[in-house]
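Take the sequence and the model together.

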Amino acid sequence: MGGARLRLGLTILLTVFLVGPVRGEAPRPVHGIAMHGEPALPPDFTHLPYANPDAPKGGRLTLAAIGTFDNLNPYILKGNDAAGSGLPFESLTIQNLDEAFSEYGLLAETIEMPADRSWVAFTLRPEARWHDGRPVTVEDVAFSLRILKSKGEPFYRAYYANVVDAVAEGERRVRFVFDGTVNRELPLIVGQMPILPRHYWEGRDFEKTTLEPPLGSGAYRVRSVDPGRSITYERVHDYWGANVPVMRGRYNYDEIRYVYFRDPNVALEALKAGEFDLRIENSSRFWATGYTGPAAERGLLKREAIPREGGVGMQGFVYNLRRPIFQNRALREALNYAFDFEWTRKNLFYDNYFRTESYFPNSELAAREAISEAERALLEPFRDRLPREVFEKIYEAPRTDGSGNIRENLRRAFEILKAGGYEVRQGKLVELASGRPVNFEILLDQGGLFERIVGPFVKNLERLGVEARVRVVDDAQYQRRLEEFDFDMVVAVFPQSLSPGNEQRNFWSSAAARQSGSRNLIGLEDPVVDFLIEKIVQAPDREALITACRALDRVLLWGHYVIPHWHNRETWIAAWDKFARATKNPRYGIDIFAWWIDPAKERALDERRRALGLAVR
């Protein structure tokens with residue numbers, strides 16, 4: 001499963017399948033489907049376990065965004081999406097964050113699929129309505145598939161590659177036709193597809209950026225837009241789906257407003273000043289030292305670390321293999337020894353974070369044990385194409401003592417470089433075959449937090465004779481250069497769930513490497529990787545999925561396509577003390593839209609703010 005944008009927020013959607021009916025029987029309509037086994041919630045469930053059906057409605061949630069925006073259509077490649085621009089739209093089904101991957105009906109009242117999952121059909125709820133009052137129709141569903149695959153961002157073409165068409169079969173029933181490829185995830189990911197109104201988009205250019213609020217059917221619609229500075233969504237008070245079980249007790253705020261700041265430092269100060277309400281923190285420095293001042297010290301602005309369960313994906317310095325300089329695996333491996341994580345953790349991260357040594361960390365999908373016989377059977381036909389370490393070793397990132405002295409690591413790097421065809425001439429590392437010095441650019445996004453991390457890495461590279469230049473560009477240019485693969489090295493995240501599937505094609509496949517705007521930033525074109533992706537997509541059960549993911553993990557790790565960074569096993573939240581939530585947190589994520597503003601707490605907070613001389617919004 002995957003999101004739609006290159007810059008990935010860290011919401012992790014994780015996956016579980018309804019066992020189909022006995023072969024030969026007609027599929028029966030059901031309320032939900034799961035990846036493996038049966039969905040946990042019964043047909044008569046009234047709300048999600050982490051939502052309070054009696055939560056009061058009201059108040060305003062103000063959040064921060066970084067950078068700028070120029071587009072309210074989040075489903076195209078062009079432009080910078082406004083924060084929250086998916087809020088007005090809905091899908092056929094919605095995920096329960098208490099299960100690894102189960103989907104329950106939202107626009108869809110019931111779901112049908114045969115035992116072999118060769119198709120799936122959804123019956124729409126008769127009460128489903130667009131914000132203009134017109135009904136959501138099966139024609140809208142079919143239109144959405146076609147427009148997203150033909151004119152949406154490249155992600156959709158890869159994600160729904162095995163979906164041939166959506167066919168109307170009655171007033172409220174629509175059936176998705178698959179191409180016959182074994183792809184057991186398809187019924188679930190089709191349910192995740194955003195449904196768009198045909199009558200609104202016909203006659204409009206779908207591929208063009210727009211600041212005109214598009215028509216949706218969701219709990220919120222755009223109220224006002226201040227281009228590049230803020231956007232406000234208002235709750236639809238006659239929202240058609242308020243009593244649908246997956247929505248009851250959620251989306252409780254009357255308004256959701258996003259305010260833009262130029263960088264995270266400014267945003268943090270704005271939070272402490274009360275300019276917005278809640279922040280999911282991703283900087284260990286800010287978490288350890290940034291929350292100071294009267295509001296934080298007296299408990300008006302509270303911090304909470306919530307344990308995170310499940311996969312968190314790979315973040316790292318990403319090589320662009322489209323650049324000839326990075327075609328040599330030995331160079332890619334050697335440069336890894338110049339990144340001193342232990343020093344970085346001690347001096348910059350306040351001893352937070354864990355070193356990432358898998359593309360599926362913090363999960364059973366990670367290849368953290370010796371290769372199994374099942375994995376070996378998958379990979380044995382490709383032994384002559386793979387590094388021997390894939391079969392013989394468990395990947396471990398280079399380590400140091402944290403003192404800043406990495407002499408031993410640099411010595412090992414020089415050994416690898418010498419064996420790989422490099423030598424130092426007049427202080428510069430040179431590739432012997434071409435005579436080219438090794439130099440490249442590290443592209444960073446303006447307002448990011450990586451300059452202080454990249455600086456020591458660059459200095460260590462200099463000790464290897466490598467010239468690495470750091471270039472910081474604005475948000476729009478950074479996005480454009482990623483989409484066009486116009487970079488040597490970037491910092492990127494490849495998020496993962498507990499049930500990987502079709503999104504792996506967009507991350508690693510040969511086809512995606514040649515598709516502008518895909519997430520194959522590495523430029524991987526490897527038939528072994530392509531083979532393993534399909535094994536993941538076609539996995540008939542959980543055991544087969546784990547085997548294929550671990551095999552892919554080994555191949556990617558020992559290809560040295562990234563210099564791995566770190567990951568967090570907690571979600572850090574700082575929020576002004578006016579929120580309430582159900583006693584149970586979701587097992588596999590955070591749903592702040594299931595929270596609500598407690599009127600009594602908000603009144604008390606306002607009084608305490610006045611007492612401290614702080615502004616009251």
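## Basis

Helices (H or I, at least four residues) and strands (E, at least two) are DSSP runs, numbered from the N terminus. The model is predicted: local features need pLDDT of at least 70, side-chain atom pairs count only at pLDDT 80 or more, and totals for chains, interfaces and linings use all residues. Residues are numbered from 1 along each chain as its sequence is written, and side-chain values use heavy atoms, without hydrogens and water.

## Leu 532 in H17

Leu 532 sits in helix H17 (residues 527-537). Its relative accessibility is 0%, so Leu 532 counts as buried (under 20% relative accessible area; exposed is over 50%, partly exposed in between; 1.4 Å probe, protein chains only).

Leaving aside residues up to four places away in sequence, Leu 532 touches Leu 378, Leu 379, Ala 548, Ala 551, Leu 552 and Val 555 (contact means heavy atoms within 4.5 Å).

Helix H13 (residues 451-463) has 13 residues. From first C-alpha to last it reaches 19 Å, close to the 18 Å expected at 1.5 Å a residue (1.5 Å times one less than the number of residues).

Buried in H13 are Ile 453, Val 454, Phe 457, Val 458, Asn 460 and Leu 461. Seen down the axis, the buried residues of H13 fall within an arc of 165 degrees, so they line one face of the helix (the arc is that of the directions from the helix axis to the C-beta atoms). Lys 459 and Glu 462, on the other side of H13, are exposed. Just after H13, Gly 465 has a positive phi of about 85 degrees.
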